[in-house]
Amino acid sequence: MHVTMLRQHVVGLICAMAVGISPLAAQPSALRSYNAPIGESSVSGISSGAFMAIQFGTAWSSIIKGVGAVAGGPYWCAEANYWYDVITGYWGPIWRATGQCMKGPASDLNIKHFTNQADAKASAGEIDPLSNLARQKIYLFHGYNDAVVYKAAPDAAAEFYRHYLGDGKRGNLFYQTVLGAGHSFVVTKQNDAGLNDCSANKEPYIDQCGYDQAGIILQHIYGRLNPLNRGQLAGTLKSFDQSLYTRPYTPDELSLGDKGYAFVPQDCEQGAPCRVHVALHGCKQDVDQIGPKFVDYAGYNAWADTNSFIILYPQTKPHSYWPTNPDACWDWWSYVNHTDDYVTKSGPQIKAIKAMLDALTGGNATLVSENDQSVSAPQGLTANDASDSSVDLVWFPVSGATTYKVQRAGADRAFQTVGEVAGASFGDSGLTPQTAFRWRVSAMLNGTEGPASEEVIATTRSRPPPCNDPGSCPVGPIGR
């Protein structure tokens, strides 16, 4: 195979997921403004979309509440910049992206390189202050049957975030590694002929593992939510003209699609307070190539419909020439302009996504806070997810709470405080596999503790055996 075609083929493997399109309300037009404070926004993505989600969430950390990254790696992983591109004939970042950033080994992913670059960009004012990362909620995922992006990449993403979270904020991060999924976004559906079995590494990169990844991501970021809508959705999926948000460039110049999509719940349409979540597909998932699977099947819309979330689905497109992006990936190795601004606020694709977010949130600039002088016990404490060594706890937010104190006990032991966290979720880590633990949570108001929640009991999963041939390893117990 010609080397250029081979490289393009390999780059195309960087992603996952299909984009789905439900019946549309109208022809593409401008996004309208909703009663949605921009500071309550969040972002997630799969593979190239995961790399972009981390880039966007770091560049705009002042407005992003949380990040979900499925099969992705750390900020600036491809280490692309103008001189590196020129010296290597523009191949350097591609080699690194399709090499170390996808396959490892871990020794080739030096965390100091990534944090030093982030620190430099923050010092120069090209991204928001990195102190904001300590308040973000972070969900990371690696399926042990992933034969496209090896575990070294999400491990490095976890280390990048731990660097800025520190031990005091460790509960903001939850990292799931013990499901036997392939390179994919993972859903609860079963036996759908248009989707894949759990261990698959192929289009449409949506694997049926009995695991509600969209719901787990949203609840880790926002706390416990109302149950999802399992029936006919009341909201509307709308298309919009992406050229309105790429100016002065055309979408084609940025390898972006002409149309993007947004799911808008009925109550948001009528003026109720809402929040925006940006869901980024992976390579080979633009609607022209694989149709309406990501939007329709990823699972975000059903949760959005009952919890007042607007889901923004920006779209890429394949581009064979300049910029070279034959598989519709997001730009995480500088293919648009071959400089290192692709990880900053001035990166062309980041600017386009931000412009879309600005348009949706233009109807409300701030979130109104309540000045309660006392706090009640948190309600609805539950285990959102569990790995072999971590459990993700979520509960309904308490009005007026400034932080929450989380306590844990073994099955027959006394409770001990394991962390204090802002926001209604906590990823408790360092746990023993296949062991039951108990938790309770209390709300804090400026240092004063309220009553504790009811207890919840959860058991960590077993540790899977080593998977030396991803894609063919047995899938153990799944679902949650």
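V336 sits in the loop between β11 (309–313) and α13 (348–361), with helices (H or I, at least four residues) and strands (E, at least two) taken as DSSP runs and numbered from the N terminus. V336 is buried, at a relative accessible area of 9%; buried means under 20% relative accessible area, exposed over 50% and partly exposed in between, using a 1.4 Å probe and protein chains only. This is a predicted model, where local features need pLDDT of at least 70 and side-chain atom pairs count only at pLDDT 80 or more, while totals for chains, interfaces and linings use all residues. Residues are numbered from 1 along each chain as its sequence is written, and side-chain values use heavy atoms, with hydrogens and water left out.

**Around V336**
- Leaving aside residues up to four places away in sequence, V336 touches E253, L254, W322, P323, D331, P348 and Q349, a contact being heavy atoms within 4.5 Å.

- P323 lies in the loop between β11 and α13.
- There's a cis peptide bond joining R247 and P248 too, with omega about 10°, and P248 belongs to the loop between β8 (236–241) and β9 (259–264).
- S255 is also in the loop between β8 and β9; its phi is positive, about 60°, although it is not a glycine.
- S255 is buried, with a relative accessible area of 0%.
- E79 has a positive phi as well, near 55°, in a residue other than glycine.
- You'll find E79 in the loop between β2 (64–70) and α3 (82–87), buried at a relative accessible area of 15%.

**Helix α2**
- α2 (residues 48–59) has twelve residues and reaches 16 Å from its first C-alpha to its last, close to the 16 Å expected at 1.5 Å a residue; the expected span is 1.5 Å times one less than the number of residues.
- Twelve of the twelve residues of α2 are buried, so the helix is largely enclosed by the rest of the structure.
- Those buried residues pack against β1 (41–46), β2, α5 (100–103), α7 (152–165), β10 (275–280) and α13.

**A three-stranded sheet**
- This open sheet runs in the order β5-β7-β6 with parallel pairing, where two strands pair if DSSP finds at least two bridges between them.
- β5 (185–187) and β6 (196–197) are the edge strands, each pairing on one side only.
- Three parallel bridges link β5 and β7 (residues 206–208), and the bridge partner of F185 in β7 is I206.

**The second largest pocket**
- About 870 Å³ of space lies in the second largest pocket; a pocket is an open set of points on a 1 Å grid over the protein atoms alone, where a 1.4 Å probe fits, with protein on both sides within 12 Å along at least five of seven lines.
- Its volume is the space filled by probe spheres set on the points, with grid points joined across faces, edges and corners.
- The pocket is lined by 38 residues, and the closest to its centre are L228, N229, G299, A302 and W303; lining residues have an atom within 4 Å of a point.
- α12 gives the most to the lining, with four residues.
- The lining divides into 18 nonpolar, 14 polar and six charged residues, with Ala, Val, Leu, Ile, Met, Phe, Trp, Tyr, Cys and Pro counted as nonpolar, Asp, Glu, Lys and Arg as charged, and the others, Gly among them, as polar.
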